[in-house]
Amino acid sequence: MNDHIGLSSNVRTGLSVPPQSVNGTVNGTGINFDQGGAEVMAEFAIGTVGSGATGTLKLQSSLNDNTGTTREAADAYTDISGASTTISGSDANTLIKLTTNARAESFVRAVVITTGATLVSAVLHSPTRKVA
C-alpha cells in the first residue's frame with residue numbers, strides 16, 4: 001500500500017514577499033487559497049537585522065484580493081486573529097513560521113512591518129484538500 005501523499009499536488013505555495021530589505025511596511029502579494037481548508041502556514045526567512053531594528057510579521061486575508069467585481073465590492077485586507085509575531089535582532093538568520101486555522105477568506109498575504117532595515121521574504125502554504 002502506498003500511503004505517500006504528493007506535496008506538490010496537495011499543497012498550494014506562493015511567494016507573498018520576495019526577498020528584500022524592509023524599513024517600514026511591505027504588504028505582500030495575496031495568494032488565492034480558495035480550494036483548500038482554513039489552514040495556512042507562512043515561512044518568513046529573516047536575514048540581516050539592522051542594529052536596534054524591531055518588527056512585526058503577520059497574515060491578513062481578503063475575500064477578493066481587494067479588487068471587487070461587478071457582483072461584489074472590493075474587500076480590504078484585514079488581520080487574521082492570532083497570526084502575528086514580533087521580531088528583533090536576535091531573530092537574524094532564522095526561519096519563522098506562522099500558522100493559522102482561522103482563514104475564512106480566499107486570499108492571504110504576508111505583511112512585514114519594521115523599524116530599521118531587515119532582510120526578509122515570506123512564502124505561504126495551504127493544503128489543496130483536507131488530508132485524513
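By the rule applied here, in which a salt bridge is a side-chain nitrogen of Lys or Arg within 4 Å of a carboxyl oxygen of Asp or Glu, the structure contains 2 salt bridges. The model is predicted, so local features need pLDDT of at least 70 and side-chain atom pairs count only at pLDDT 80 or more, while totals for chains, interfaces and linings use all residues. Residues are numbered from 1 along each chain as its sequence is written, and side-chain values use heavy atoms, with hydrogens and water left out.

Strands are DSSP runs of E with at least two residues, numbered from the N terminus. The side chains of D79 and K58 form a salt bridge at 3.2 Å, N to O. Because D79 belongs to strand β6 and K58 to strand β5, this pair ties together parts that are 21 residues apart in sequence. D79 is partly exposed at 45% relative accessibility, whereas K58 is buried at 15%; buried means under 20% relative accessible area, exposed over 50%, and partly exposed in between (1.4 Å probe, protein chains only).

Strand β5 (residues 54-62) has 7 of its 9 residues buried, so it is largely enclosed by the rest of the structure. It pairs in the antiparallel sense with strand β8 (residues 107-115) over 9 bridges, pairing being assigned if DSSP finds at least two bridges between two strands. In this pairing, T56 stands opposite I113. Strand β5 also pairs in the antiparallel sense with strand β6 (residues 78-87), over 6 bridges, and here Q60 stands opposite D79.

In soluble globular proteins, nonpolar side chains tend to be buried together. Not counting residues up to four places away in sequence, the contacts of L124 (heavy atoms within 4.5 Å) include I31, F33, L59, V108 and R109.

The charged end of R109 in turn sits over the ring of Y77, 4.0 Å from its centre; the criterion requires NZ of Lys or CZ of Arg within 6 Å of the ring centre and within 35 degrees of the ring normal.

Methods. Helices (H or I, at least four residues) and strands (E, at least two) are DSSP runs, numbered from the N terminus.
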